[in-house]
Amino acid sequence: MIEFADRINSMSKSAAVVRKLFGSMTDPEMISFGGGAPAKEVLPVEKVNEIASEVFTRDGRGVEALQYGPPVGITDLREAVIEHLLAPKNLNASTEEVMIVAGGLETMNLICELFINPGDVILVESPTFVHCVEIFEMFQAKCVGVMMDEDGMVIEDLERKIIEYKPKMLYTIPTFQNPTGKTLSTERRRAVAELGSKYDILVLEDDPYRELRYSGEDLPPIKAFDRTGNTVYANSFSKIFSPGSRLGFVYASKEIIDKLFDAKTATNSQTSGIAQVICAEFFKRGYFEENLALAKEIYRERRDALIACIDKYLPEGTKRVFPDGGLFTWVELPGEINTTELLEEAVKNKVAYVAGEGFFAGGEGLGKNCMRMSFGNVTPEQIEEGMKRLGKLINSKL
């Protein structure tokens, strides 16, 4: 057998967590709180069908969609990003500072290609999005966790870790964080941007859930406080348009975008022109706002249903996060229940979640009694039935 590269061994633990996550999402009989998939009701099937039938003609945008295109992305989709997703957040970008990528995760790959050498330290929230840990470990970086409380990442611990580990980068999901659902306060967002500039480290702000707010006050991105170009803003169309389109975008200084151009051409040359044209038309025709309003209505109902069922069916002493938006809540069970071990029994009962310990980087030994639960792609009726099953199982272990 030909020997695999060292990077494959480096990412083996996080890859195993991600592999299980996708497994629970594809069983049609499973009531899955595991994946972060959007509700099928918000996928704009009819709008995409209309757009495709009208624009994919030889005299329309058919040739443009099917031909090679610019590595940075088509102009009108970048303009849509600036108008609909950046300007309302007081982010004043130019098209030269925005690149369209193949899904939100490609930004993480491209940024690592630009900045990360084997052995570099990347600071991450503790817990954090395991899929990005998988990417960072593929580049043979060392991930170090930063403590969180109810207001997100603890700034004092962040600065301590910066001084101690001298990291190349900080990766953060400040809004409706994955996996906890927590939101970083405005004061801490400002502090994160300032620390990035002070210590000259890259702050990679991943913000794919920002538009999905159901309660509370909208907060400025970390990038809004960036004065030196040290913060890179990454986002995705997966939750506001379609995960199957594999579209995302990155907003950064022109200097970084120029280097991302080179990394992009060395990776896949361009993002799908077909998906870009459809998505650009989706925004230009005014469908984005309409579809977002529908999504927020559906997700608000499902969030409230899941929180109510956690309180109703899980044992006394259970702690959970009430998220103001996004698709996730974080549950901490009482006692010595190991959610990794419990998951095997839960799956036999056709209910799934993601065990908590896999979200802690570097083998911290934390989160063994925790779980991430997603409410996006489960109906209120499924939530009720799934939590009944899960509650019965957990209570039998106490």
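# Reading loops, strands and helices

Analyst: Start with Lys166, which sits in the loop between α8 (155-165) and β7. Helices (H or I, at least four residues) and strands (E, at least two) are DSSP runs, numbered from the N terminus. This is a predicted model: local features need pLDDT of at least 70, side-chain atom pairs count only at pLDDT 80 or more, and totals for chains, interfaces and linings use all residues. Residues are numbered from 1 along each chain as its sequence is written, and side-chain values use heavy atoms, leaving out hydrogens and water.

User: What is the phi of Lys166 near? Is Lys166 buried or exposed?

Analyst: Its phi is near 45 degrees, a positive value in a residue other than glycine. Lys166 counts as exposed because its relative accessibility is 66%. The cut-offs: buried is under 20% relative accessible area, exposed over 50%, partly exposed in between (1.4 Å probe, protein chains only). Lys350 is not a glycine either, and its phi is positive, about 60 degrees. Lys350 lies in the loop between α13 (339-348) and β13 (351-352). At 27% relative accessibility, Lys350 counts as partly exposed.

User: In what order do the strands of the open sheet run?

Analyst: Strands of a sheet pair through backbone hydrogen bonds, either parallel or antiparallel. Here 7 strands form an open sheet, ordered β2-β10-β9-β8-β7-β3-β4, with mixed pairing. Two strands pair if DSSP finds at least two bridges between them. β2 (98-101) and β4 (142-146) are at the edges with a single partner strand each, so one side of each has no neighbour in the sheet. β8 (residues 202-206) and β9 (residues 231-236) run parallel, joined by 4 bridges. Asp206 has Ala234 in β9 as its bridge partner.

User: How do α12 and α14 cross?

Analyst: Two packed helices are described by the angle between their axes and the distance between the axes. The axes of α12 (residues 287-313) and α14 (residues 380-397) come within 9 Å and cross at roughly 25 degrees. Axes are lines fitted to C-alpha atoms, for helices over the stretch in contact, and angles run from 0 to 180 degrees between N-to-C directions. α12 and α14 are therefore roughly parallel. Angles under 35 degrees count as roughly parallel, over 145 as roughly antiparallel, 65 to 115 as roughly perpendicular and the rest as oblique.
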